[in-house]
Each structure stands twice: as C-alpha cells, then as structure tokens.
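Good morning, colleagues. Please have the structure open before you while I speak.

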Amino acid sequence: MSDPDSALGSGAYTEICTVLTETFGVEPDALRPSATFEELDLDSLALLEFALVMGERLGVSGADADLRPAMTLREASAFVESLRPQACHGPRHPR
C-alpha cells in the first residue's frame, strides 16, 4: 500500500488540485490534504467526472470505483498513485 503522505509529493496531489481548480472551479484556498471531496462540493456524479478526467491526465483507470465524497485529497492522491503503472518511466501504451 502507498503511504498517503508520500503521495502528496508524487505529482498526483498536484494534478488533483489542478483538475479541481480548472475543471470544477474549486477555489485554490480550499485545497488542503485533509479536505474531503464533500467539503469541496463534489457529489458522487462530479466524482465520476473527476475520475474520468484524472484517468485521461494520468493514464490510470478504475479510479471511479473507489472515490467517495468523504475521501480526503491525501487519500485520493495515495489511491490515484496506487493505480499508476509501476513502470511509469517508460512509454505508456493505450488500452
């Protein structure tokens, strides 16, 4: 399992914050590792859209299955990071 705090420096956290501000209009001041999607006014339908956007941007799939409104950004970062291919240094192959 990934360490939630190590995910904050992995790029996933930064990408999550970028998507939340650019796509969902969340104010940057509201973003912090302990903030939940619910606190940021993302309901389950918005989370589904969020998962699709994250999948496109980071090349991960399956995020929509486990994202929940009560999940913190720290938890989401660790989760998204755990879905990334282990050998992410090489070229990605579309499925």
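I shall now go through the salt bridges of this chain.

The model is predicted: local features need pLDDT of at least 70, side-chain atom pairs count only at pLDDT 80 or more, and totals for chains, interfaces and linings use all residues. Residues are numbered from 1 along each chain as its sequence is written, and side-chain values use heavy atoms, with hydrogens and water left out.

A salt bridge here is a side-chain nitrogen of Lys or Arg within 4 Å of a carboxyl oxygen of Asp or Glu. A search of the whole structure gives three of them.

Let me begin with arginine 57. Its partner glutamate 15 has its closest N and O atoms 2.3 Å apart from those of the arginine. Glutamate 15 belongs to helix α2 (residues 12-22) and arginine 57 to helix α3 (residues 44-58), so this pair ties together parts 42 residues apart in sequence. Helices are DSSP runs of H or I, at least four residues, numbered from the N terminus.

Arginine 57 also meets glutamate 22 in a salt bridge, at 3.9 Å from N to O. Glutamate 22 is in helix α2, and this pair spans 35 residues.

As to accessibility, buried means under 20% relative accessible area, exposed over 50%, and partly exposed in between (1.4 Å probe, protein chains only). Glutamate 15 is buried at 18%, arginine 57 is partly exposed at 36%, and glutamate 22 is exposed at 59%.

Finally, glutamate 39 pairs with arginine 32 at 3.2 Å, N to O. Glutamate 39 is partly exposed at 49%, as is arginine 32 at 37%.

How values were computed: Helices (H or I, at least four residues) and strands (E, at least two) are DSSP runs, numbered from the N terminus.
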